[in-house]
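I opened my notebook to look up how this protein is put together. Here is what I wrote down along the way.

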Amino acid sequence: MKRRDFLKFLGFFSIGFFGFLGLQNLAYLSRPAPKKIFLSKSDLEKIKTLYLGEDFILVKKEIGYLSFSRRCPHLGCKLNFDPERELIVCPCHQSKFTLQGKFLEGPAKKDLRKIPSKLKDEGLEVELT
Ligand code: FES
């Protein structure tokens with residue numbers, strides 16, 4: 001390979017390589033920031049078993065809380081709580097989940113997606129990703 005051809009190749013390779021890296025960073029930067037929801041201590045005291053937020057489910061445990069996405073892992077319908085059977089139920093195709101987020105039956109075939117939550121002195125912060 002001639003020196004001139006090699007330099008052309010190197011130039012095109014560099015443009016492609018650094019362009020690719022730049023696009024990766026743009027994709028990373030364009031991701032929406034996680035949304036944080038805060039429940040105060042008085043909000044938490046009102047929860048008997050479970051709290052249905054707009055986008056999340058918070059389950060009260062003996063020690064702490066479990067938080068899940070409220071989106072069904074099948075096709076994304078918004079999940080509900082069946083207090084009689086103490087199950088989380090999808091209204092669209094009837095998938096059922098335990099209060100620990102474990103899949104029981106239906107077409108979803110996956111457990112509920114856990115989402116991070118932090119217990120703080122003033123209450124609980126749920127981070128929707
Ligand atoms: S969307 Fe929930 S079971 Fe289909």
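**Cover and surface.** I began with burial: of the 129 residues of the protein, 27% count as buried. Buried means under 20% relative accessible area, exposed over 50%, and partly exposed in between, with a 1.4 Å probe and protein chains only. I then looked up the accessible surface, which comes to about 9,200 Å², with 58% of it belonging to carbon and sulfur atoms. Those areas come from the Shrake-Rupley method with a 1.4 Å probe, and for residues only the protein chains shown count as cover.

**What I am looking at.** I reminded myself that this is a predicted model, where local features need pLDDT of at least 70, side-chain atom pairs count only at pLDDT 80 or more, and totals for chains, interfaces and linings use all residues. Residues are numbered from 1 along each chain as its sequence is written, and side-chain values use heavy atoms, leaving out hydrogens and water.

**Elements.** I found 2 helices and 10 strands; helices (H or I, at least four residues) and strands (E, at least two) are DSSP runs, numbered from the N terminus. From the N terminus on, they run α-β-α-β-β-β-β-β-β-β-β-β. The radius of gyration is 23 Å, well over the 14 Å that the globule rule gives for 129 residues, so the protein is more spread out than a compact globule. That radius is taken over C-alpha atoms, and the rule is 2.2 Å times the number of residues to the power 0.38. I also noted the box that the C-alpha atoms fill, roughly 80 × 40 × 20 Å along the principal axes.

**Strand 3 and its neighbours.** Is strand 3 mostly covered or mostly open? I found 4 of its 5 residues (56-60) buried, so to speak under cover. Strand 2 (residues 50-52) runs antiparallel to strand 3, and 3 bridges join them; two strands pair if DSSP finds at least two bridges between them. Leu50 has Val59 as its bridge partner in strand 3. The two strands form a hairpin with 3 residues between them.

On to strand 4 (residues 65-69): 5 bridges join this strand to strand 3, again antiparallel. Lys60 stands opposite Tyr65 here. This hairpin has 4 residues between its strands, and Gly64 in the turn has a positive phi of about 90°.

Strand 1 is joined to strand 10 (residues 123-128) by 6 bridges, and Leu39 stands opposite Leu124.
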